[in-house]
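Subject: Structure for you to look at

Hi,

Here is the structure I promised to pass on. My notes follow below it.

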Amino acid sequence: MGKDEHTSGVFFIMGVSGCGKSTIGRLLSHALSLPFYDGDDYHPAENVAKMSKGIPLNDRDRESWLQALNSLAQKNQKTGAVIACSALKKHYRDTLKDSIVPPPIWIYLQGSYETILDRLKQRRDHFMPSHLLTSQFEALEAPVDAIEVSITLEPEMILKEILKQIK
């Protein structure tokens, strides 16, 4: 698939921890021949330590992280990128999209608390403990301007749905 105005630019894959942002982000980046960046890799060490101890991040904790991801998006706005980031609140998304032209495309991986909790309980290699999922759902302000895809679909079907909607 070649790049065109619909398959380049910045794509943010968003949702709560455990919804599949990294998996779907990698699939989408491969399908669109764009680089993939996992937002978790840009958390400062203090944030990772805090979450590892089971302490939810607050808005102040997230500020420098969101700024770093916005800078990353700005660096890639002309050539395109896929960035996985929870982007739970509208004002987080406002920070992430600041000065990005054309505006990023948001892809919201939607799932129920129970479905995602089951996934998190099976994870062994992630710093985010499953009990923090409650705080993520409490903070979540579902986007109104996003491609929304249910995580109950298989990853390839999620990718197919996303590609259909960005064409």
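A polar atom of the N47 side chain lies 3.0 Å from the backbone oxygen of D61. That is a polar contact (a pair of N or O atoms within 3.5 Å; within protein, one must be able to donate a hydrogen and the other to accept it, and residues adjacent in sequence count only if both atoms are side-chain atoms). N47 sits in helix α2. Its relative accessible area is 3%, so N47 is buried. For accessibility, buried means under 20% relative accessible area, exposed over 50%, and partly exposed in between (1.4 Å probe, protein chains only). Setting aside neighbours within four places in sequence, N47 touches L57, D61, R62 and W65. Contact here means heavy atoms within 4.5 Å.

Before you go further: this is a predicted model, where local features need pLDDT of at least 70, side-chain atom pairs count only at pLDDT 80 or more, and totals for chains, interfaces and linings use all residues. Numbering starts from 1 along each chain as its sequence is written, and side-chain values use heavy atoms, with hydrogens and water left out. Helices (H or I, at least four residues) and strands (E, at least two) are DSSP runs, numbered from the N terminus.

Salt bridges

D61 comes up again here. K50 forms a salt bridge with D61, with the closest N and O atoms 2.5 Å apart. K50 belongs to helix α2 (residues 45-52) and D61 to helix α3 (residues 59-76), so the pair ties together parts that are 11 residues apart in sequence. D61 counts as buried, at 17% relative accessibility. The criterion is a side-chain nitrogen of Lys or Arg within 4 Å of a carboxyl oxygen of Asp or Glu.

How many salt bridges does a search of the whole structure find? Five. Among them is the bridge between D94 and K90, closest N and O atoms 3.0 Å apart. Another joins K97 to D94, at 3.8 Å between the closest N and O atoms. Shared partners make one network of K90, D94 and K97. In helix α4 (residues 90-97), D94 and K90 are four residues apart, which means a separation of about one helical turn. K97 and D94 are three residues apart in helix α4, also about one helical turn. K90 is partly exposed at 47%, D94 is partly exposed at 31%, and K97 is partly exposed at 33%.

Aromatic pairs

There are two. Rings of Phe, Tyr and Trp (its six-membered ring) pair if their centres lie within 6.5 Å; planes under 30 degrees apart count as stacked, over 60 as edge-to-face and the rest as tilted. The ring centres of F12 and W106 are 4.7 Å apart and the planes are at 15 degrees, so this pair is stacked. F12 is in strand β1 and W106 in strand β4 (residues 105-110), 94 residues apart, so the pair links distant parts of the chain. Both F12 and W106 are buried.

Y113 and F137 are edge-to-face, 5.6 Å centre to centre with 70 degrees between the planes. Y113 lies in helix α5 (residues 113-122) and F137 in helix α6 (residues 133-139), so this pair ties together parts that are 24 residues apart in sequence. Y113 is partly exposed at 28%, and F137 is partly exposed at 24%.

Strands

Strand β1 (residues 10-14) pairs with β3 in the parallel sense over four bridges. Two strands pair if DSSP finds at least two bridges between them. I13 has A84 in β3 as its bridge partner. Strand β2 (residues 36-38) also runs parallel to β3, joined by three bridges. Y37 stands opposite I83 in β3. Within β3 (residues 81-84), A81 and I83 point one way, V82 and A84 the other way, and all are buried.

Backbone points to check

Most residues other than glycine have a negative phi, and most peptide bonds are trans. V101 and P102 are joined by a cis peptide bond, with omega about -5 degrees. P102 lies in the loop between α4 and β4. S99 is in the loop between α4 and β4. S99 is not a glycine, yet has a positive phi of about 65 degrees. S33, in the loop between α1 (21-32) and β2, has a positive phi of about 55 degrees and is not a glycine either. S99 is partly exposed at 45%, and S33 is partly exposed at 48%.

Best wishes
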